[in-house]
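Subject: A structure for you to explore

Hello! I am passing a structure on to you, and below it you will find my notes. Please have the view open while you read.

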Amino acid sequence: LGRYLFYDGRLSGRLHKDSLMSCANCHIQKNNFEAGVNHPKSINGHPIGLTGKATPHVTMGLINLVWNFNGYGWNGFLHPSNPNPKKRELEDFVWMSVLAKHEIAGDTNKVKNILNSIPEYKDLFFKAFGSSDIKFDYVCKAIAQFIRTLISANSKFDKYLRGEVQLSPEELRGFVLFGTEEGADCFHCHGGGGNPLFTTNKFYNNGKDVEFTGENQDPRDRFSYTKDPMDLGAYKAPTLRNIEVCGPYMHDGRFETLERVIEFYSHEVKNSKYIDPLMHHVANQGIQLTQSEKKELISFIKTLRDDEFLNNSEHSKPQRLPGDNSGN
């Protein structure tokens, strides 16, 4: 049921073909359930919603979220600690996305009316929730449960850990760089062989900028939620699983390629009083990788691509949606 709803454009509460929008419009499977750099309706990775407004940040991948306990979104505001009871769970994220003007810009009552008019959906909701009276709360629960099934764990690196394949010498050298402080020092924020998520799901100011207050303050950084001044300019470290297909990169999509990201961490890190202490190489403006080391690091990062996940038919759009013979 959640898979059907995830891909159903009628989630907008509209029926005209030009007014349909679903979660899948901006969370595309082949792009790790992100929008991606080549999204047809986006500005530098910021998808454009039904009202013509772009999202304030680039999308994050809907991957392995069942193990994320530090909050959803770039700033983690969707967390059980949020004083607003409607901003705590993944289900709340679905609700907010349907209502948001820069996303689906829908009306929950209209969505319910449309779904309640479709006998196939009423049967599916009855099987899932014991009631054929479709409530929007059920819609959110079903979609959230589908998202929790989006698990990536069969990349080349996973197969290497299981002893099924070998990494190339270049990939192995990249693995060493990734996991050592004297190397590329990636593991503090993105984990490593001992952290299969390849993210701590924590929040860091990684030295992209130096000014974070006044007109330079982002109303959606980590500080906007915690009010801790040391969280100014801090954002979640995204998972590196399938990161090869996730560009553009950073919360604002400022880097289009992985090569530019590595170049930033090598030579362009900016110091400020808000930078995270884990940015150990900031005094040298970065980790100063050589050209060969950059290639080795990217070679390793690409071993985290899970083509089985990116092409899993159980996660893709169904051939037919309930009550829809048009293929919308």
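Asp-92 is buried, since its relative accessible area is 16% (buried means under 20% relative accessible area, exposed over 50% and partly exposed in between, with a 1.4 Å probe and protein chains only). Please keep in mind that this is a predicted model, in which local features need pLDDT of at least 70 and side-chain atom pairs count only at pLDDT 80 or more, while totals for chains, interfaces and linings use all residues. Residues are numbered from 1 along each chain as its sequence is written, and side-chain values use heavy atoms, with hydrogens and water left out.

Asp-92 belongs to helix α2 (helices, H or I with at least four residues, and strands, E with at least two, are DSSP runs numbered from the N terminus). The other buried residues of α2 include Leu-90, Glu-91 and Val-94. Part of what covers the buried residues of α2 is α5 (136-148). Not counting residues up to four places away in sequence, Asp-92 touches Leu-78, Pro-85, Lys-86 and Lys-87 (contact means heavy atoms within 4.5 Å). Between Asp-92 and Lys-141 there are 8.9 Å in space, C-alpha to C-alpha, and the two are 49 residues apart in sequence.

Asn-64 sits in the loop between β2 (46-47) and α2 (90-99). Is Asn-64 buried or exposed? Its relative accessibility is 6%, so Asn-64 counts as buried. Leaving aside residues up to four places away in sequence, Asn-64 touches Leu-150, Ile-151, Ser-152, Leu-197 and Arg-241.

Asn-201 is in the loop between α8 and β3. Asn-201 is buried because its relative accessible area is 10%. Among the residues that Asn-201 touches, not counting those up to four places away in sequence, are Trp-67, Asn-68 and Lys-236.

Now look at Glu-182, in the loop between α7 (169-178) and α8. With a relative accessible area of 70%, Glu-182 is exposed. Glu-182 and Ser-313 are 41 Å apart in space, C-alpha to C-alpha, and 131 residues apart in sequence.

**Aromatic rings**

A pair of aromatic rings is described by the distance of the centres and the angle of the planes. How many aromatic pairs does a search of the whole structure find? The search finds 21 (rings of Phe, Tyr and Trp, with its six-membered ring, pair if their centres lie within 6.5 Å; planes under 30 degrees apart count as stacked, over 60 as edge-to-face and the rest as tilted). One of them is the stacked pair of Phe-129 and Tyr-138, at 4.4 Å centre to centre with 5° between the planes. Phe-129 is partly exposed, as its relative accessible area is 27%, whereas Tyr-138 is buried, at 15%.

Why is the pair of Phe-198 and Phe-300 tilted? Their planes are at 50°, so the pair counts as tilted, with ring centres 6.5 Å apart. This pair links distant parts of the chain, 102 residues apart: Phe-198 is in the loop between α8 (187-190) and β3 (203-204), and Phe-300 is in helix α11 (residues 291-301). Phe-198 and Phe-300 are both buried.

Arg-222 lies over the face of Phe-203, 3.9 Å from the ring centre (a charge sits over a ring if NZ of Lys or CZ of Arg is within 6 Å of the ring centre and within 35 degrees of the ring normal). Over the ring of Phe-223 sits the charged end of Lys-227, 5.7 Å from its centre.

**A cavity**

The largest cavity has a volume of about 690 Å³ (on a 1 Å grid over the protein atoms alone, a cavity is a set of points where a 1.4 Å probe fits but cannot get out, and lining residues have an atom within 4 Å of a point; grid points are joined across faces, edges and corners, and a volume is the space filled by probe spheres set on the points). Of its 42 lining residues, the closest to its centre are His-190, Asn-206, Met-250, Val-261 and Tyr-265. The largest share of this lining, 5 residues, comes from α10.

Enjoy exploring!

Definitions and conventions
On a 1 Å grid over the protein atoms alone, a cavity is a set of points where a 1.4 Å probe fits but cannot get out, and a pocket is an open set with protein on both sides within 12 Å along at least five of seven lines; lining residues have an atom within 4 Å of a point.
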